[in-house]
Amino acid sequence: MKKLKLITKGLITENPVLVLVLGTCPTLAISTQTSNAIGMGLAATAVLLGSNIAISALRNVIPDKVRIPCYIVLIAGFVTVVQMLVQAFAPALNEQLGIYLPLIVVNCIILGRAEMFANKNTVLDSALDGIGMGLGFTLTLFVMATIREVLGSGTWFGMEIPVLIDNNISILTMAPGGFFVFGCLIALVNKISKGKAIKKSDFGCTGCPSAAACGKLNAECGKGSEA
Amino acid sequence: MEGLLHFDFKGLVIILMSAVFVNNYVLQRFLGICPFLGVSKKLDQATGMSIAVIFVMMLSTAVTWPIQYYLLNPNGLGYMQTIVFILVIAALVQLVEIVLKKYIPSLYSALGVYLPLITTNCAVLGVTILNINESYDFAAAMVNSFGSGLGFFLAMVLFSGVRSRMEGGDTPESFKGLPITLVAASIVSISFFGFAGVIENLFS
């Protein structure tokens with residue numbers, strides 16, 4: 001039961017995109033078409049699964065001080081593997097994802113999970129966490145892409161939807177639509193959970209690789225406002 | 001003189017203008033959203049962060065472009081691009097931090113806190129990879145990096161202004177915080193559509 005919870009928490013209560021607010025860049029950029037969203041989500045899930053397993057297995061070997069560079073190298077390795085697989089077996093998807101495929105390296109979800117979870121837990125738990133978080137990311141991308149594709153282009157997985165195809169709101173498929181739909185989705189999650197969802201400030205920052213620097217920044221800001 | 005005559009000034013200006021306005025990294029390409037949402041609350045922070053980003057973007061392009069063309073491509077190691085680039089950027093940021101701390105403490109105290117945040121900024125890795133994908137030559141790559149950084153700066157500064165106005169607004173409970181910020185970003189992003197026709201007609 002506990003193992004199952006590791007997977008399901010990524011889907012809703014600790015959804016990486018809507019609750020932890022990690023990995024916003026690919027979410028906004030790729031969610032114009034459902035097929036791309038699924039492809040991106042699965043690619044990120046594969047990287048997350050690999051990196052979580054590797055980092056968890058090496059957690060006692062990697063010295064604490066240089067852990068971030070080590071994680072980045074491991075993650076970049078897995079991204080390169082996924083990149084080559086996509087190029088070989090799904091060249092059309094590779095074309096669609098473009099720059100965002102190599103950019104999985106700097107996706108905060110992956111480094112964030114390494115920091116928050118994989119370096120403290122066993123290999124099996126980390127693998128399940130990777131799958132859960134990856135599926136949560138995929139699900140969010142899929143929901144966003146469905147909204148944007150159905151209302152924006154009047155299609156779903158490329159299939160035309162009778163009335164909407166002639167009355168599409170094309171701005172939703174463009175950049176402003178991405179920001180808008182994402183904002184509305186987060187507001188919806190806030191509304192449903194009535195603030196019960198874990199606040200980013202209580203949770204997200206501890207896992208963020210830049211937490212130390214960000215903390216310094218905020219401390220300085222506090223000083224500034226007192227003065 | 002020959003070299004100067006071949007210098008494609010017009011092409012470079014077009015690259016610069018389109019990097020700043022049309023293909024704005026934050027608002028059109030969705031790169032570097034995290035710092036855009038996180039550090040744009042105050043104007044001075046937004047400025048400091050953006051200047052650090054411009055600096056790191058240009059520096060990492062200056063290093064990664066020769067690596068790609070003189071080291072990776074001749075040896076058939078093009079697939080190592082992602083790993084090599086992220087390592088170079090991470091090392092470079094560390095190096096800049098150390099050098100600034102030792103030799104230019106005043107600049108370090110102004111920019112130092114922003115530097116570690118930049119390593120995982122996807123805009124920096126994005127600009128180096130895009131420079132290679134678009135097969136820019138070295139001058140064009142540098143101009144593109146500068147333009148992209150400048151575009152980031154413009155978006156950050158504009159948005160910090162929008163956010164300071166937003167603070168006094170009466171926001172619905174569920175929209176408080178991030179959601180209303182995203183909706184505001186969406187409106188700022190629409191305003192950049194106005195630049196779409198400008199670049200094509202700049203020299204006609």
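Colleague: Leaving aside its neighbours within four places in sequence, which residues is A:Ile104 in contact with?
Modeller: This is a predicted model, so we're reading computed geometry here. Skip the residues within four places of A:Ile104 in sequence, and its contacts are A:Ala43, A:Ala44, A:Val47, A:Val79 and A:Ile110.

Colleague: And which residues touch the most other members of the largest nonpolar core?
Modeller: That core holds 103 residues.

Colleague: Among contacts in chain A between residues at least 6 apart in sequence, what percentage join residues at least 24 apart?
Modeller: Chain A has 227 residues, and buried ones make up 47% of them. For contacts between residues at least 6 apart in sequence, the share that joins residues at least 24 apart is 76%.

Colleague: How do H1(A) and H7(A) lie to each other, roughly parallel or roughly antiparallel?
Modeller: Helix H1 of chain A covers residues 2-11 and helix H7 of chain A covers 123-152; their axes are 6 Å apart and the packing angle is about 25°. Angles under 35 degrees count as roughly parallel. The crossing is right-handed, by the way. With that angle, H1(A) and H7(A) are therefore roughly parallel.

Colleague: By class, what residues does the contact of H1(A) with H7(A) have?
Modeller: From H1(A), the contact includes A:Lys3, A:Leu6 and A:Ile7, while H7(A) brings residues including A:Asp125, A:Leu128 and A:Gly132. Sorted by class, the contact comes to eight nonpolar, four polar and four charged residues.

Colleague: Over in chain B, are H9(B) and H10(B) oblique or parallel?
Modeller: Helix H9 of chain B spans residues 138-166, helix H10 of chain B spans 178-191, and they pack at about 130° with their axes 11 Å apart. Because of that angle, H9(B) and H10(B) are oblique.

Colleague: How do the residues of the contact of H9(B) with H10(B) divide into nonpolar, polar and charged?
Modeller: H9(B) puts in B:Leu158, B:Phe159, B:Val162, B:Arg163 and B:Met166, and H10(B) puts in B:Ile180, B:Thr181, B:Ala184, B:Ala185 and B:Val188. By class, the contact divides into eight nonpolar, one polar and one charged.

Colleague: Now for where the chains meet. Which element gives the largest share of the side of chain B that touches chain A?
Modeller: The contact takes 35 residues from chain B and 41 residues from chain A. On the chain B side, H3, H5, H7, H8 and H10 each supply at least two residues. That side divides into 25 nonpolar, eight polar and two charged residues. The largest share, nine residues, comes from H10(B).

Colleague: What is phi of B:Phe30 near?
Modeller: Most residues other than glycine have a negative phi. B:Phe30 has a positive phi without being a glycine, and it lies in the loop between H2 and H3 of chain B. B:Phe30 counts as buried because it has 25 C-beta neighbours inside 10 Å. Its phi is near 55°.

Colleague: And B:Ser135, is it buried or exposed?
Modeller: B:Ser135 also has a positive phi, near 40°, and sits in the loop between H8 and H9 of chain B. B:Ser135 has 9, so it's exposed.

Colleague: How far apart in space are A:Pro69 and A:Thr45, C-alpha to C-alpha?
Modeller: A:Pro69 lies in helix H4 of chain A, residues 67-89. It counts as partly exposed because it has 16 C-beta neighbours inside 10 Å. A:Thr45 is 24 residues away in sequence, and the distance in space is 21 Å.

Colleague: Last one: what distance separates the C-alpha atoms of A:Ser170 and A:Asn15?
Modeller: A:Ser170 is in the loop between strand S2 and helix H8 of chain A. With 11 C-beta neighbours inside 10 Å, A:Ser170 counts as exposed. A:Ser170 and A:Asn15 are 155 residues apart along the chain, and their C-alpha atoms are separated by 28 Å.

Notes. Residues are numbered from 1 along each chain as its sequence is written. Chains are lettered from A and ligands numbered from 1 in the order in which they are written. This is a predicted model: local features need pLDDT of at least 70, side-chain atom pairs count only at pLDDT 80 or more; totals for chains, interfaces and linings use all residues. A nonpolar core is a set of buried Ala, Val, Leu, Ile, Met, Phe, Trp, Tyr and Cys residues joined through C-beta atoms within 7 Å. A residue is buried if 20 or more other C-beta atoms lie within 10 Å of its own, exposed if 12 or fewer, and partly exposed in between; C-beta atoms are placed from the backbone. Two residues are in contact if their C-beta atoms, placed from the backbone, lie within 7 Å. Axes are lines fitted to C-alpha atoms, for helices over the stretch in contact, and angles run from 0 to 180 degrees between N-to-C directions. Helices (H or I, at least four residues) and strands (E, at least two) are DSSP runs, numbered from the N terminus. Angles under 35 degrees count as roughly parallel, over 145 as roughly antiparallel, 65 to 115 as roughly perpendicular and the rest as oblique. Ala, Val, Leu, Ile, Met, Phe, Trp, Tyr, Cys and Pro count as nonpolar, Asp, Glu, Lys and Arg as charged, and the others, Gly among them, as polar. A crossing is left-handed if the near helix is turned anticlockwise from the far one by less than a right angle, and right-handed if clockwise.
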